[in-house]
Amino acid sequence: EDKVVQSPLSLVVHEGDTVTLNCSYEVTNFRSLLWYKQEKKAPTFLFMLTSSGIEKKSGRLSSILDKKELSSILNITATQTGDSAIYLCAVINIDLQGAQKLVFGQGTRLTINP
Amino acid sequence: DGGITQSPKYLFRKEGQNVTLSCEQNLNHDAMYWYRQDPGQGLRLIYYSQIVNDFQKGDIAEGYSVSREKKESFPLTVTSAQKNPTAFYLCASTIRGPTSAASSYNEQFFGPGTRLTVL
């Protein structure tokens, strides 16, 4: 059974700090890993990472996948209160009919205090 | 405006009742998904559908049922057989395209969610 584990489950820091969120996975047929940010309702897509190991960046957020360690990290530098959210990691699974499914981790609840 | 809508936003159910959650999209997406989210947990897949009149069970389908009579609509019924239905339910959709390449990903777009509470 495919499994995605995130750590820590909860993190509280002060504005301006740098944080690193972790995601590890065990999947039978790895394709890609995704990061989402969920504030109050629907998750919003942040990054897609593949086994190429290429780092993805968007402003203060960056992410990379370690193929050997079967893990990924999401870094946020100079955190702001608006970064407070649940960060979800997911891996793509393709079923026998070629349908795309996502397997999610538990999420990391990040709280940024002013 | 293109997007995914879910209704109602909040739903209260008495024990033993069936309730139906609505999900509609006007993005012309072929594939639709239902997820359940509990506090401290990520999203778990309930059912998904790649085309009209066809759907597959996800990881936690017991106690739920779906239909896909129209491309735009994928309603989820939470039956009385679902013993612990209180949760946040999210619907998503995506285009159905080639997924053979490792770098290929058809982004899933999520609706705003329905919060179901059993009284």
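Across the interface of chain A and chain B, 0 salt bridges are found, a salt bridge being a side-chain nitrogen of Lys or Arg within 4 Å of a carboxyl oxygen of Asp or Glu. The model is a predicted one, in which local features need pLDDT of at least 70 and side-chain atom pairs count only at pLDDT 80 or more, whereas totals for chains, interfaces and linings use all residues. Residues are numbered from 1 along each chain as its sequence is written, chains are lettered from A in the order in which they are written, and side-chain values use heavy atoms, with hydrogens and water left out.

Polar contacts, by comparison, are present: 4 residue pairs of chain A and chain B make them, both residues being at pLDDT 80 or more. A polar contact is a pair of N or O atoms within 3.5 Å; within protein, one must be able to donate a hydrogen and the other to accept it, and residues adjacent in sequence count only if both atoms are side-chain atoms. Four elements of chain A each give two or more residues to the side that touches chain B, namely strands S4 (33-38), S5 (44-49), S9 (85-94) and S10 (100-104). Strands are DSSP runs (E, at least two residues), numbered from the N terminus. The most is given by S10(A), with 4 residues. By class, this side of chain A has 12 nonpolar, 7 polar and 4 charged residues. In this classification Ala, Val, Leu, Ile, Met, Phe, Trp, Tyr, Cys and Pro count as nonpolar, Asp, Glu, Lys and Arg as charged, and the others, Gly among them, as polar.

The contact (heavy atoms within 4.5 Å) takes 23 residues from chain A and 27 residues from chain B. About 2100 Å² is buried between the two chains, and carbon and sulfur atoms give 54% of this area. Buried area is the accessible area (1.4 Å probe) that two parts lose on being put together, summed over both. Of the area that chain A buries against chain B, 27% is supplied by Arg31(A), Lys41(A) and Gln100(A), more than by any other three residues.

Within chain A, 5 strands form an open sheet in the order S1-S3-S8-S7-S6, with antiparallel pairing; two strands pair if DSSP finds at least two bridges between them. Strands S1 (3-7) and S6 (56-58) of chain A stand at the edges with a single partner strand each, so one side of each is left without a neighbour in the sheet. S6(A) is joined by 3 bridges to the antiparallel strand S7 (61-66) of chain A, and Ser58(A) has Leu61(A) in S7(A) as its bridge partner.

In chain B, an open sheet of 4 strands has the order S1-S3-S8-S7, again with antiparallel pairing. Its edge strands are S1 and S7 (64-66) of chain B, each of which pairs on one side only. Between S1(B) and the antiparallel strand S3 (19-25) of chain B there are 4 bridges, and Ser7(B) has Ser22(B) in S3(B) as its bridge partner.

Most residues other than glycine have a negative phi, and most peptide bonds are trans. The peptide bond from Ser7(A) to Pro8(A) is cis, with omega near -10°, and Pro8(A) is placed in the loop between S1 and S2 (10-14) of chain A. In chain B, the bond from Ser7(B) to Pro8(B) is cis, with omega near -5°. Ala78(A), although not a glycine, has a positive phi of about 45°; this residue is found in the loop between S8 (71-76) and S9 of chain A.
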